[in-house]
Amino acid sequence: MESFMQNIKQELKDTLRAYFIVPHLYEQGMACVEEKLRESMLFSRMTVLHYRAFWGTGNEIYRPAAAIELMILSLDIIDDLQDKDNKAMLWNQLSPEIALNIALGLLTLSQQMLMTSDFAPDRLVAAVRLMNEQVLSAINGQTTDLLNDISSEEDYIQMVKQKSAGLLVTACLIGTLLATGEYNSEVREYAEQLGIAAQIKNDIHDLVDWENKSDFWNRKKTLPTLYLIHSLTEEQKWISDYFEERLSLEEVVHRREEIQRIIEQSGTILYTSVRMRTHYYNYLDLVESMVISANWKKQILAMAD
Amino acid sequence: MLKELIQSLMADPSSWTLLKNGQLQLAGISEVEHRALIDVLGSSEDKNQPMRATYWF
């Protein structure tokens, strides 16, 4: 895995040096990349892993994998700018104008990197098309998320498929597509299930993260909050009034312990944990049914640990 | 249906044990949901406050 990191980092460094000509853009762009490299690199690892699992050989895959990581980084920066959170991240310490400019540069660069990778033209066109379609889908999902325009669990799952799960699907599919030249709907299905499970896990965490970005205080509609609202008794309807903005934060903030008790007693965490685990089991079952070697299955399954 | 089932389980926590022991028949949820429910309830056994527990995969 050491060579994985070195290869990805080298691809990113070379590309930024070639296209980010203005010194400040290169320096700050690289600083953002360096910060990203300290994370798990799940997406680029998934691209390389799927390329190898589907009989792809050689080092050409590192450039598309690095492109995937740039796409994710650019969308992360834009998401943080829009949500005004994750203040500790480097890009949130830059001026928003510069951070946005870097994000736009990285997003465009991700497509440029993919397009100039060393693969047959027909595979590259299909890969770039897939990436562009997913970015557009994520922008649609992000709009729904920003507007908090979610009134049912179906709306929530649709938004997750467009945003977070869709990005994981793209990382996996680009690996298989470049290896085989074909679009693999089975890979799409299991990657989507893993992405949904991971998003539900985040949303459970964000509901009970009272000190930072609690989705409750932000009135954010997610699977846990939708269940909570659905489960309220008559005496607890003030919570749905808060979510519908009929009550202000000041009117409910002192009732935190009561809110926590209602969350516990309603089964919100239990319900969403079961939903999360159901999607995770779907992922396990679908990977197990794939016609690839046991070793690759094991490695793909290990990515969810 | 899973939603209603969870709500009835929360209303009667004694049914948790029956469910874990296979003594409670569940209708209207899929096999994978059943498996996930048993697993999540099982993972709460060693916690003092099961309703506060968070279950990761």
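This report describes the interface between chain A and chain B, selected helix and side-chain pairings, and the confidence of the model.

The model is predicted: local features require pLDDT of at least 70 and side-chain atom pairs pLDDT 80 or more, whereas totals for chains, interfaces and linings use all residues. Residues are numbered from 1 along each chain as its sequence is written, chains are lettered from A and ligands numbered from 1 in the order in which they are written, and side-chain values use heavy atoms, with hydrogens and water left out.

**Interface of chains A and B**

In chain A, 27 residues are in contact with 22 residues of chain B, contact meaning heavy atoms within 4.5 Å. The area buried between the two chains is about 2,300 Å², and carbon and sulfur atoms give 70% of this area. Buried area is the accessible area (1.4 Å probe) that two parts lose on being put together, summed over both.

Three salt bridges are found across the interface of chain A and chain B; a salt bridge is a side-chain nitrogen of Lys or Arg within 4 Å of a carboxyl oxygen of Asp or Glu. Over all chains, the rule gives 18 salt bridges. Two salt bridges of the model are listed below.

| Salt bridge | Distance, N to O |
|---|---|
| K3(B) and E153(A) | 3.2 Å |
| D76(A) and K36(A) | 2.7 Å |

D76(A) lies in helix α4 (residues 62-83) of chain A and K36(A) in helix α2 (residues 23-37) of chain A, so this pair ties together parts that are 40 residues apart in sequence. Helices here are DSSP runs (H or I, at least four residues), numbered from the N terminus, as are strands (E, at least two).

**Packing of α7(A) and α8(A)**

Helix α7 (residues 153-162) and helix α8 (residues 164-180) of chain A pack at an angle of about 35°, their axes lying 3 Å apart. Axes are lines fitted to C-alpha atoms, for helices over the stretch in contact, and angles run from 0 to 180 degrees between N-to-C directions. V160(A), K161(A) and Q162(A) of α7(A) meet S164(A), A165(A) and G166(A) of α8(A).

**Confidence in chain B**

The mean pLDDT of chain B is 75, and 75% of its residues reach 70 or more; pLDDT is the predictor's confidence in each residue, from 0 to 100. In chain B, confidence is highest in helix α1 (residues 2-11), at 90, and lowest in helix α2 (residues 14-20), at a mean of 80. Over residues 46-57 of chain B, pLDDT stays under 50, and the model has 31 contacts beyond four places in sequence for these residues.
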